[in-house]
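My notes follow in the order I took them.

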Amino acid sequence: MASVREATAADRAAVVRMGREFHKHAGVPTEFDPVYASAVVSSFITDTDKLCLVLDNGSVSGALLAHASQSPIGPFTSAMEVMWWIEPDVRGSSAVRMLTAYEHWARGKGCLLIGVAALAG
């Protein structure tokens, strides 16, 4: 069974690769910029108010990026997922484990709201 863990710098290239796939399938209306993506992923690995989870089954096959911040709708902290990709051949119950790990992290940050994105289209 694949494990869900916080990413390390050694996972950055795999997360950027999955970011490219997410970008393509999400219909983002800009060109994918691997240099920018690498910097963003690095910040989600190192910043204490950001999270980069990976699904590790011997190789990294999934990633979830989220951040915690002051909510725009009230005086409390909220968390929001900004990218979630699992390779199609390993999708299944691991998504629930990734979501559970994200929720645990967000609660540890004191978040009162925990969100996931819904893609249009």
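**Salt bridges**

I began with the charged side chains and found Arg 5, Asp 11 and Asp 56 linked in a network of salt bridges. I keep in mind that this is a predicted model. Side chains of opposite charge can pair when their charged atoms come close.

Arg 5 meets Asp 11 at 2.7 Å, N to O. Arg 5 also pairs with Asp 56, and here the closest N and O atoms are 3.0 Å apart. I then placed this second pair in the fold. Arg 5 sits in strand β1 (residues 3-6) and Asp 56 in strand β2 (residues 50-56). The pair links distant parts of the chain, 51 residues apart.

Next I asked how open the partners are. Is Asp 11 buried or exposed? I read a relative accessible area of 7% for Asp 11, so I noted Asp 11 as buried; the cut-off for buried is under 20%. Arg 5 has 26% relative accessibility and therefore counts as partly exposed.

How many salt bridges did I count by this rule? The count comes to four.

**Glu 87 and Arg 17**

I moved on to another of the salt bridges. Glu 87 pairs with Arg 17, with the closest N and O atoms 2.6 Å apart. Why does this pair tie together separate parts of the chain? Glu 87 lies in the loop between β4 (77-86) and α3, while Arg 17 lies in helix α1 (residues 12-26), so the bridge joins parts that are 70 residues apart in sequence.

Glu 87 is buried, because its relative accessible area is 15%. Arg 17, at 40% relative accessibility, counts as partly exposed.

I also listed the contacts of Glu 87. Leaving out residues up to four places away in sequence, Glu 87 touches Arg 17, Met 18 and Ser 61.

**The largest pocket**

I then turned to the pockets. The largest pocket has a volume of about 390 Å³. I found 18 residues lining the largest pocket. Which of them lie nearest its centre? I wrote down His 23, Phe 32, Ala 37, Val 40 and Met 83.

I traced the lining back to the fold. α1, α2 (34-46) and β4 each supply at least two residues of the lining of the largest pocket.

**A nonpolar surface patch**

I looked over the surface for nonpolar side chains. Ile 73, Leu 112 and Leu 113 form a nonpolar patch there. Together they have about 340 Å² of accessible area.

I followed up on Leu 112. Where does Leu 112 lie? I placed Leu 112 in the loop between α3 (94-108) and β5 (113-115). Leu 112 has 64% relative accessibility and so counts as exposed, the cut-off being over 50%.

**Glu 103**

My last entry is a residue of helix α3, Glu 103. At 26% relative accessibility, Glu 103 counts as partly exposed. I compared its position with that of Ala 79. Glu 103 and Ala 79 are 24 residues apart in sequence. In space they are 8.7 Å apart, C-alpha to C-alpha.

Terms used: Residues numbered from 1 in each chain as written. Predicted model: local features only at pLDDT ≥ 70, side-chain atom pairs only at ≥ 80, totals over all residues. Heavy atoms only, no water. Patch = residues over 30% accessible without salt bridge, like charges linked within 9 Å, V, L, I, M, F, W, Y side chains within 5 Å. Areas by Shrake-Rupley, 256 points an atom, 1.4 Å probe, with all protein chains shown as cover. Helix = DSSP H or I, 4+ residues; strand = E, 2+ residues; numbered from the N terminus. Buried < 20%, exposed > 50% of the residue type's maximum accessible area, 1.4 Å probe, protein only. Contact = heavy atoms within 4.5 Å. 1 Å grid on protein atoms, 1.4 Å probe; cavity = no way out; pocket = protein on both sides within 12 Å on 5 of 7 lines; lining within 4 Å. Points joined across faces, edges and corners; volume = space filled by probe spheres on them.
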